[in-house]
Amino acid sequence: MGYGREIYAAAENKLRERRRRAEEEAEKRRQAFYRACPRAEEIERTLCSTSVSAAKAVLSGKNAAQALTALKEKNLSLQKELKELMQAHGISSLEPNYHCPVCRDTGYVDGLMCSCMKELLRMESYQRLNALTPLSLSTFESFSLNYYSDEPQEGRPSDRSIMRNTLQYCINYARQFSLKSPNVIMTGNTGLGKTHLSLAIANVAIQKGYGVVYSSVSNLVTKLENEHFGRDNDTEAMDSLQSCDLLILDDLGTEFRNSFSTSAIYSIINSRLLLEKPTIISTNLTTKEMADFYSERFASRIIGSYDRIAFVGRDIRQQKALTERGKHLPEQKD
């Protein structure tokens with residue numbers, strides 16, 4: 001799955017730490033056993049030296065088969081004695097107790113990624129996304145349609161009816177998400193749930209094992225500027241944008257616009273289209289404003305390559321703030 005370089009590095013660091021800790025604890029157990037039973041250390045040293053003895057026997061060419069048979073019998077006898085000593089001291093194994101016995105905390109088995117590595121990547125991706133956003137609160141279950149008016153509007157359905165369809169689209173998108181999923185642009189005024197539902201999709205995609213990168217466009221542009229102009233030696237931002245399975249760009253149009261930011265945003269969107277990797281964009285801009293702020297070519301790429309999902313209604317954040325404020329007002333007396 002497509003994760004950024006930092007996420008892979010973080011997962012590999014955790015595996016290294018697990019492996020180091022398991023091997024360090026095993027060595028402590030081994031040394032404690034040797035102190036309690038010096039004969040065990042003597043046996044292990046003898047067993048380690050038998051490979052050298054076997055090589056000498058083969059090279060000598062004299063009665064090699066007989067010598068190898070004798071070494072094998074000796075090894076079996078020593079192994080039996082060592083096992084009996086371990087049992088007498090209540091020790092079942094001197095080997096490290098790896099967190100994952102399948103890959104021995106290396107992350108790979110026969111060149112293929114182990115399930116433990118995949119789980120670490122998912123966890124790391126989730127934690128990083130959660131550190132930047134209220135992802136734990138952004139689920140489909142916590143999205144309420146009660147904030148949208150159920151009154152029919154002139155010439156169109158009610159806000160709640162439209163948002164019910166929007167919510168269902170996002171739920172279906174998340175359930176069916178794959179690398180072939182369509183691009184989506186969420187449009188509408190501030191505070192109508194665009195970030196909430198895009199993060200709810202991210203939440204499901206991560207649980208399915210996909211690599212998700214989320215960023216507000218303003219933060220992303222700042223990061224790309226630092227990389228481009230040499231203020232940041234890391235190239236993680238651009239690497240992540242290219243390699244992730246799902247890219248979520250929040251608040252398009254709120255960034256400080258200049259020739260660099262306009263070019264960078266178009267390049268990102270165009271590159272993702274060429275790579276055929278899904279992208280979700282949220283914006284307060286209308287199509288006309290998008291063409292005015294960026295370019296006709298930019299708006300055309302969006303219109304022709306993205307599913308447009310409308311968000312309507314009154315600012316939910318303001319509604320919640322008014323409700324909360326009302327709770328703290330003193331009770332009115334007649």
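Predicted model: local features only at pLDDT ≥ 70, side-chain atom pairs only at ≥ 80, totals over all residues.

**The sheet and the helices that pack on it**

Analyst: Strand 4 and strand 5, the latter covering residues 246–252, pair in the parallel sense over five bridges. They belong to an open sheet of five strands, which has the order 4-5-6-3-7 and parallel pairing. At its edges lie strand 4 (212–216) and strand 7 (306–310), each of which pairs on one side only. On average, and with direction ignored, neighbouring strands of this sheet are turned by 15 degrees against each other.

Helices lie across these strands. Helix 7, made of residues 217–228, lies across strand 4 and strand 5 and runs at about 95 degrees to strand 4. Helix 11, for its part, lies across strand 3 (183–187), strand 5, strand 6 (279–283) and strand 7, and its direction is at about 85 degrees to strand 7.

Helix 11 (residues 296–305) also packs with helix 9 (residues 259–275), at an angle of about 30 degrees and with the two axes 11 Å apart. Because angles under 35 degrees count as roughly parallel, helix 9 and helix 11 are described as roughly parallel to each other. The crossing of helix 9 past helix 11 is left-handed. From helix 9, Ile-265, Tyr-266, Ile-269, Asn-270 and Leu-273 meet Arg-297, Phe-298, Arg-301, Ile-302 and Ser-305 of helix 11. Sorted by class, this contact of helix 9 with helix 11 has six nonpolar, two polar and two charged residues.

Key
Residues numbered from 1 in each chain as written. Heavy atoms only, no water. Axes fitted to C-alpha atoms, helices over the stretch in contact; angles between N-to-C directions. Helix = DSSP H or I, 4+ residues; strand = E, 2+ residues; numbered from the N terminus. Parallel < 35°, antiparallel > 145°, perpendicular 65-115°, else oblique. Left-handed = near helix turned anticlockwise from the far one by under 90°. Contact = heavy atoms within 4.5 Å. Nonpolar A, V, L, I, M, F, W, Y, C, P; charged D, E, K, R; others polar. Pairing = 2+ DSSP bridges.
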